[in-house]
Amino acid sequence: MFLLRRKTQNQQENDSSYQDAKPEVANEGETGKVSRANFHDKLGRTVLIMRPGMQNTASPENNIKHLVYLMENAILHLPEGQEQMSWLLDFTGFSLSTNISVKTARDIIYILQNHYPERLGIAFLYNPPRIFHAFFKAVRYFMDPKTAQKVKFVYPNNKDSEELMKSLFDMENLPSEFGGKASLKYDHEEFSRLMTEDDVRTAKFWGLDEKLFHTKNVLSGAEVAPEAVAV
């Protein structure tokens, strides 16, 4: 069972409590709609791959908890001297039925900007369909201008997009879904195993009983929205 550290409003230091993850969000990661890539960008930033077309649940709360868990995990894998992550969004299979609501997007933006300030280095939206543009126009209203500048729309067979991707990614590692040469394969069982190992690592770092982390549940989140964790 994956756990996330919770920081209460009155806590000012990194000695906050942990809460058990709810079983009902254990299936959020089954389709690989959000996962940590096995490569970093050229600046050493951890890469999160997001595939909104792979949406498999209808719970806004659990979707957010799942994303927050993976952002915490991305932070855990940042090299020394690097504090930001990169996002890659693949819109294959995207439709209005798989899209999150404006309210959920607003909540994600709030968490990112208020609890993870400056953690996002850049976000590439690869080949988004036209129907997404209207949605983005609505949610951009909630973005801080500095955050909005980090969002880049990139397209296949576009020279500027290709040069931008090449400037930040090794094309041999970058999945073909983003114009690279690698294959994007998601093995939920293997990814869950890696996440469990990271949870044990986190438990040791914070001096917790690592037995709490040995369980069959996969890719869940915290009982409450967690504050940022400096790792």
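Trp87 touches Leu48, Met50, Met71, Leu112, Leu120, Ile122, Ala123 and Phe124, leaving out residues up to four places away in sequence. Together with Leu48 and Met71, Trp87 touches the most other members of the largest nonpolar core, a set of 35 residues. The model is a predicted one. Its mean pLDDT is 82, and 78% of the residues reach 70 or more.

**Confidence at two stretches**

- The mean pLDDT of the protein is 82, but over residues 1-22 the pLDDT is below 50.

**Nonpolar cores**

- In the largest nonpolar core, which has 35 residues, Leu48, Met71 and Trp87 touch the most other members.
- Two or more residues of this core come from each of β4 (46-50), α1, β5, α2, β6, α3 and α6 (188-206).
- Helix α1 gives the largest share, eight residues.
- Apart from this core lies another one of 16 residues, including Ala37, Leu88, Ile122 and Phe124.
- In soluble globular proteins, nonpolar side chains tend to be buried together.

**Helix α2**

- Helix α2 covers residues 102-115, which is 14 residues.
- At 1.5 Å a residue the helix should span 20 Å, and its end C-alpha atoms are 19 Å apart, so the two values agree.
- The buried residues in α2 are Thr104, Ala105, Ile108, Ile109, Ile111, Leu112 and His115.
- The cover over these buried residues includes α1 (60-76), β5 (85-90), β6 (120-126) and α3 (130-139).
- Leu112 of α2 is buried, and Leu112 is also among the residues that Trp87 touches.

**Aromatic pairs and the Phe cluster**

- The structure holds 12 aromatic pairs.
- One of them joins Phe132 and Phe135, a tilted pair with 5.7 Å centre to centre and 45° between the planes.
- Phe132 and Phe135 both belong to helix α3, where they sit three residues apart, about one turn of the helix.
- Phe132 counts as buried because its relative accessibility is 7%, under the 20% limit.
- Another pair, Phe136 with Phe153, is edge-to-face: the centres are 5.1 Å apart and the planes are at 80°.
- Phe136 lies in helix α3 and Phe153 in strand β7, so this pair ties together parts that are 17 residues apart in sequence.
- Phe136 is buried at a relative accessible area of 9%, whereas Phe153 is partly exposed at 26%.
- Phe91, Phe94, Phe132, Phe135, Phe136 and Phe153 form one aromatic cluster.

**Phe135 and its surroundings**

- Phe135 is a residue of helix α3 and counts as buried, with 13% relative accessibility.
- Leaving aside neighbours within four places in sequence, Phe135 is in contact with Asn99, Ile100, Ser101, Val102 and Ala105.
- Ala105, one of these contacts of Phe135, is a buried residue of α2.
- Phe135 and Ser101 are 34 residues apart along the chain, and their C-alpha atoms are separated by 8.9 Å.

**Lys150**

- Lys150 lies in the loop between α4 (145-148) and β7 (151-154).
- Lys150 is buried because its relative accessible area, 13%, is under 20%.
- The side chain of Lys150 reaches the backbone oxygen of Leu120 at 2.8 Å.
- Beyond neighbours within four places in sequence, Lys150 is in contact with Gln84, Glu118, Leu120, Gly121, Ile122 and Ala123.
- Among these contacts of Lys150 are Leu120, Ile122 and Ala123, which Trp87 touches as well.

**Glu28**

- Glu28 is placed in the loop between β2 (17-19) and β3 (34-40).
- Glu28 is buried, with a relative accessible area of 1%.
- The side chain of Glu28 makes a polar contact of 2.6 Å with the side chain of Lys33.
- A polar contact of 2.9 Å joins the side chain of Glu28 to that of Thr57.

Notes. Residues numbered from 1 in each chain as written. Heavy atoms only, no water. Helix = DSSP H or I, 4+ residues; strand = E, 2+ residues; numbered from the N terminus. Buried < 20%, exposed > 50% of the residue type's maximum accessible area, 1.4 Å probe, protein only. Polar contact = N/O pair within 3.5 Å; in protein donor to acceptor, adjacent residues only side chain to side chain. Contact = heavy atoms within 4.5 Å. Expected span 1.5 Å × (residues − 1). pLDDT = per-residue confidence, 0-100. Core = buried A, V, L, I, M, F, W, Y, C linked by side-chain atoms within 4.5 Å. Phe/Tyr/Trp six-rings, centres within 6.5 Å; stacked < 30°, edge-to-face > 60°.
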